[in-house]
Amino acid sequence: MTQNYRITLLPGDGIGPEIMAIAVDVLNLVAEQFNFSVTFQEALIGGASIDATGDPLTAEALHRCRQSDAVLLAAIGGYKWDSLPREKRPETGLLGLRAGLNLFANLRPATILPQLVGASSLKPEIVDGVDIMVVRELTGGVYFGQPKGIFETETGEKRGVNTMAYNQSEIDRIGRVAFETARKRGGKLCSVDKANVLDVSQLWRDRMTQLAAEYPDVELSHLYVDNAAMQLVRWPKQFDTIVTGNLFGDILSDAAAMLTGSIGMLPSASLGESGPGLFEPVHGSAPDIAGEDKANPLAQVLSAAMMLRYGLDQPQAADKIEQAVLAVLDAGYRTGDIMSEGMKLLGCRAMGNALLEALKE
Ligand code: NAD
């Protein structure tokens with residue numbers, strides 16, 4: 001019997017609907033080619049949801065997401081909603097979605113495509129061939145640990161407090177995702193912590209070392225976060241998969257992403273223990289170019305490829321999409337954000353059509 005996947009689409013705001021339309025066409029085509037089927041249902045999130053319901057994520061939209069096999073999001077936000085109170089802002093919808101799906105593992109690849117080496121701010125010989133996956137813990141650590149808040153001391157002085165804490169089980173579950181991810185990639189995992197200073201990091205390091213025994217095919221190393229930041233810009237090619245906590249991962253994944261120099265090319269995945277994963281581009285809703293057919297749809301399409309690989313276990317279809325992206329770049333097609341001399345400038349729709357042609361070859 002043909003496998004059918006139920007996918008909830010969240011086009012969101014700004015360029016979201018434009019880039020989502022391309023990803024849907026691509027998914028329909030690879031489904032046909034790889035003999036599975038996809039059923040799409042749409043739901044509202046962010047500004048689009050605020051306009052329709054007054055709420056950035058309704059219980060009904062979250063319910064739809066929970067009932068599906070995977071959730072594909074484009075982007076949320078825009079000037080129109082910037083001055084609303086925090087609980088009514090588009091970002092609150094996104095945080096609610098992540099929490100509602102219990103997505104504790106965030107996977108952010110930073111891959112330098114040979115065609116775009118020149119887009120990086122680092123020298124080509126440093127970045128050429130870089131292919132890193134940052135696995136970040138997303139629901140624990142210092143962003144959520146208790147106590148937190150701004151308190152008053154006995155002397156009446158204000159004191160800001162956050163707590164960096166991880167339970168062994170939280171470390172183990174992100175560790176397992178990271179070892180499994182490294183196993184599917186180059187077989188090398190670097191765990192990043194601050195174990196020379198922080199007790200929570202010492203536990204992190206102990207658990208990662210312990211887990212390594214279950215994955216003899218993965219080579220584990222450890223780095224302190226300050227050194228990891230330095231190594232990322234000194235010689236990024238030494239990294240394959242990186243695993244780290246929420247705060248360090250927030251910073252290192254952005255630094256790794258910028259090695260590539262092109263925000264319109266970067267996908268991401270967020271996974272839970274069970275239930276659907278969330279797949280979305282790293283970039284925002286680009287309100288400055290929304291509705292102008294100028295958006296780069298490739299990060300959205302690569303997010304769909306991550307969905308096939310990590311969410312739906314269709315790695316061959318994912319490979320095919322990634323190869324098609326390379327093929328259109330090889331053919332010299334570029335959207336405005338990655339344009340360089342001698343290349344052919346395309347709009348969002350035309351880039352989508354070029355991708356569909358490449359997929360048919
Ligand atoms: P942004 O990523 O939307 O845009 C930054 C710059 O990159 C802009 O010049 C934009 O035109 C360009 N850009 C981004 N994606 C592009 C693409 N696919 N193709 C071509 N160019 C692209 O970030 P921002 O301007 O800081 O934020 C705009 C809105 O997006 C804000 O409301 C912000 O809150 C929201 N945002 C949402 C997410 C998300 O949905 N996950 C992430 C970041 C920002």
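Student: Which side chain meets that of D254 in a salt bridge?
Tutor: In this predicted model, a salt bridge requires a side-chain nitrogen of Lys or Arg within 4 Å of a carboxyl oxygen of Asp or Glu. The N to O distance found for D254 is 2.8 Å. The partner of D254 is R108.

Student: How many salt bridges are there between domain 1 and domain 2?
Tutor: The chain is divided into domain 1, covering 1-109 + 263-361, and domain 2, covering 131-258. Across their interface the rule also finds five residue pairs in polar contact, both residues being at pLDDT 80 or more. The count of salt bridges between domain 1 and domain 2 is two.

Student: Which element gives the most to the side of domain 1 that touches domain 2?
Tutor: At least two residues of that side are supplied by each of β4 (105-111) and α10 (298-311). By class, the side of domain 1 that touches domain 2 has eight nonpolar, three polar and three charged residues. With five residues, the element that gives the most is β4.

Student: What area do domain 1 and domain 2 bury between them?
Tutor: The centres of the two domains, taken over C-alpha atoms, are separated by 26 Å. In contact are 14 residues of domain 1 and 17 residues of domain 2. Carbon and sulfur atoms carry 60% of the buried area, which is about 1400 Å².

Student: Which residues of domain 1 lose the most area to domain 2?
Tutor: Domain 1 and domain 2 bury about 1400 Å² between them. Three residues together account for 46% of what the domain 1 side buries. They are F104, N106 and R108.

Student: Is S268 buried or exposed?
Tutor: S268 lies in strand β11, residues 267-271. Leaving aside neighbours within four places in sequence, its contacts include N106, L107, R108 and P109, as well as S303 and M306. The cut-off for a buried residue is under 20% relative accessible area. Because its relative accessibility is 5%, S268 counts as buried.

Student: What is the phi of D293?
Tutor: D293 is placed in the loop between β12 (277-281) and α10. Because its relative accessibility is 36%, D293 counts as partly exposed. Most residues other than glycine have a negative phi. For D293, a residue other than glycine, phi is positive and near 55°.

Student: Is D313 buried or exposed?
Tutor: D313 is located in the loop between α10 and α11 (315-330). D313 has a positive phi of about 55°, although it is not a glycine. A residue is exposed at over 50% relative accessible area. Since D313 has 62% relative accessibility, D313 counts as exposed.

Student: What distance separates the C-alpha atoms of L247 and E137?
Tutor: L247 is found in helix α9, residues 246-260. L247 is partly exposed, with a relative accessible area of 26%. Not counting residues up to four places away in sequence, L247 touches V142, Y143 and M164. L247 and E137 are 110 residues apart along the chain, and the separation of their C-alpha atoms is 8.5 Å.

How values were computed. Residues are numbered from 1 along each chain as its sequence is written. This is a predicted model: local features need pLDDT of at least 70, side-chain atom pairs count only at pLDDT 80 or more; totals for chains, interfaces and linings use all residues. Side-chain values use heavy atoms; hydrogens and water are left out. Domain bounds come from an automatic or database domain assignment. Contact means heavy atoms within 4.5 Å. Buried area is the accessible area (1.4 Å probe) that two parts lose on being put together, summed over both. A polar contact is a pair of N or O atoms within 3.5 Å; within protein, one must be able to donate a hydrogen and the other to accept it, and residues adjacent in sequence count only if both atoms are side-chain atoms. Helices (H or I, at least four residues) and strands (E, at least two) are DSSP runs, numbered from the N terminus. Ala, Val, Leu, Ile, Met, Phe, Trp, Tyr, Cys and Pro count as nonpolar, Asp, Glu, Lys and Arg as charged, and the others, Gly among them, as polar. Buried means under 20% relative accessible area, exposed over 50%, partly exposed in between (1.4 Å probe, protein chains only).
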